[in-house]
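Biologist: I am new to this structure. Could you walk me through it, feature by feature?

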Amino acid sequence: MEQPVFSIITINYNNAMGLRKTMQSVLDQNYSDFEYIVIDGGSTDGSKDVIQEFLNAHSNASKITYWCSEKDGGIYPAMNKGIKIAKGHFICMLNSGDCFCDDVLPIIGKKAIKYLNSILYGAVSVFINNKYEKVMCLNENYLPEYTLPHQGVFIPKYMHEKFGYYDESFKVCADYDFLLTVYQAGVPFQFLDLIVSDYDGSGLSSVNVNLVDYEKKKIWISHGVYISPRKVFLKSFFPRIGLIIKKLIKG
């Protein structure tokens with residue numbers, strides 16, 4: 001198989017319903033120049049059966065070039081496993097529960113050929129418990145204070161070979177750590193003026209706010225980034241107040 005433009009990697013653990021939605025959105029893309037890798041962490045909820053269903057019945061099943069269902073060390077060990085297997089020029093992490101927008105890969109594919117040495121990224125629609133919340137449209141200028149949602153980011157594989165894989169000591173912010181590394185190294189970013197995917201915002205990194213805060217501060221220190229105490233307070237205080245108000249409104 002010649003090198004495809006994209007390697008789409010989905011990691012999953014005990015999220016059969018989300019996995020089905022994700023795999024459907026990938027394999028339904030009207031685009032030929034990609035491979036699909038599915039890394040399941042030994043799920044016990046029928047996720048393996050979902051993978052087998054697509055392998056046996058979907059017309060685009062040949063795009064699944066690798067899959068496994070076995071225990072791993074968590075989110076980033078699973079991601080790294082997929083990256084090391086990937087043969088595509090660009091890698092996109094679309095985890096179970098997240099879905100590509102309809103036929104978005106052909107649009108990105110046309111632009112990707114012009115920016116082979118850049119990180120490509122677009123906007124994502126955020127859903128919480130299957131309810132639309134907002135469109136997240138950050139850009140690289142928000143780095144180093146913020147990260148880009150990985151569901152809308154396409155990273156050339158050679159950048160992982162040059163700068164390393166995801167730091168497995170992190171539980172939820174290793175992708176932020178990696179993007180900050182390449183950003184500080186002067187790697188070019190190219191904005192895609194479109195919504196790439198629907199992001200399931202009810203995952204681990206969205207609900208465990210304290211863990212996110214802890215790991216972000218650790219990343220800022222290791223990268224020599226200074227965020228004023230006032231900014232840290234405002235960034236952590238107002239989202240929590242927002243969550244409390246939402247809960248009060250819902251009763």
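This is a predicted model: local features need pLDDT of at least 70, side-chain atom pairs count only at pLDDT 80 or more; totals for chains, interfaces and linings use all residues.

Biologist: How many helices and strands does the chain have?

Modeller: The chain has 9 helices and 9 strands.

Biologist: What share of the residues is buried?

Modeller: Buried means under 20% relative accessible area. Of the 251 residues in the chain, 49% are buried.

Biologist: How do I read a pair of packed helices?

Modeller: Two packed helices are described by the angle between their axes and the distance between the axes. Take helix 1, residues 16-27, and helix 2, residues 47-57. They pack at about 20 degrees, and their axes are 9 Å apart. Helix 1 is therefore roughly parallel to helix 2, because angles under 35 degrees count as roughly parallel. The crossing of helix 1 past helix 2 is right-handed.

Biologist: Which residues make that contact?

Modeller: Helix 1 supplies Ala16, Leu19, Arg20, Met23, Gln24 and Leu27. Helix 2 supplies Ser47, Val50, Ile51, Glu53 and Phe54. By class, the contact of helix 1 with helix 2 has 7 nonpolar, 2 polar and 2 charged residues.

Biologist: Now helix 6 and helix 8. What are their angle and axis distance?

Modeller: Helix 6 (residues 174-184) and helix 8 (residues 209-222) pack at about 20 degrees. Their axes are 10 Å apart. So helix 6 and helix 8 are roughly parallel to each other. Helix 6 passes helix 8 in a right-handed crossing. On helix 6, Tyr176, Asp177 and Leu180 take part. They meet Lys216, Ile219, Trp220 and Ser222 of helix 8. That contact of helix 6 with helix 8 divides into 4 nonpolar, 1 polar and 2 charged residues.

Biologist: Let me try single residues. Is Ile64 buried or exposed?

Modeller: Ile64 has 9% relative accessibility, so it counts as buried. Ile64 sits in strand 3, residues 64-69. Leave out residues up to four places away in sequence, and Ile64 touches Met23, Leu27, Tyr36, Phe54 and Leu55. Tyr36 is 28 residues from Ile64 along the chain, yet their C-alpha atoms are separated by 4.5 Å.

Biologist: And where does Asn12 lie?

Modeller: Asn12 lies in strand 1, residues 6-12. At 5% relative accessibility, Asn12 is buried. Beyond four places in sequence, its contacts include Leu19, Asp40 and Ser47.

Biologist: What does phi tell me?

Modeller: Most residues other than glycine have a negative phi. Asp103 has a positive phi, near 45 degrees. Asp103 lies in the loop between strand 5 (99-100) and helix 4 (104-112). At 35% relative accessibility, Asp103 is partly exposed.

Asn130 also has a positive phi, about 70 degrees, although it is not a glycine. Asn130 lies in the loop between strand 6 (119-128) and strand 7 (131-136). Asn130 is exposed, with a relative accessible area of 66%.

Biologist: Last one. How many disulfides are there?

Modeller: A disulfide is a covalent bond between the sulfur atoms of two cysteines. A search of the whole structure finds 0 disulfides. Cys68 is buried, with a relative accessible area of 6%. Cys137 is partly exposed, at 44% relative accessibility.

Definitions and conventions:
Residues are numbered from 1 along each chain as its sequence is written. Side-chain values use heavy atoms; hydrogens and water are left out. Axes are lines fitted to C-alpha atoms, for helices over the stretch in contact, and angles run from 0 to 180 degrees between N-to-C directions. Helices (H or I, at least four residues) and strands (E, at least two) are DSSP runs, numbered from the N terminus. Angles under 35 degrees count as roughly parallel, over 145 as roughly antiparallel, 65 to 115 as roughly perpendicular and the rest as oblique. A crossing is left-handed if the near helix is turned anticlockwise from the far one by less than a right angle, and right-handed if clockwise. Contact means heavy atoms within 4.5 Å. Ala, Val, Leu, Ile, Met, Phe, Trp, Tyr, Cys and Pro count as nonpolar, Asp, Glu, Lys and Arg as charged, and the others, Gly among them, as polar. A disulfide is a pair of cysteine sulfur atoms within 2.5 Å. Buried means under 20% relative accessible area, exposed over 50%, partly exposed in between (1.4 Å probe, protein chains only).
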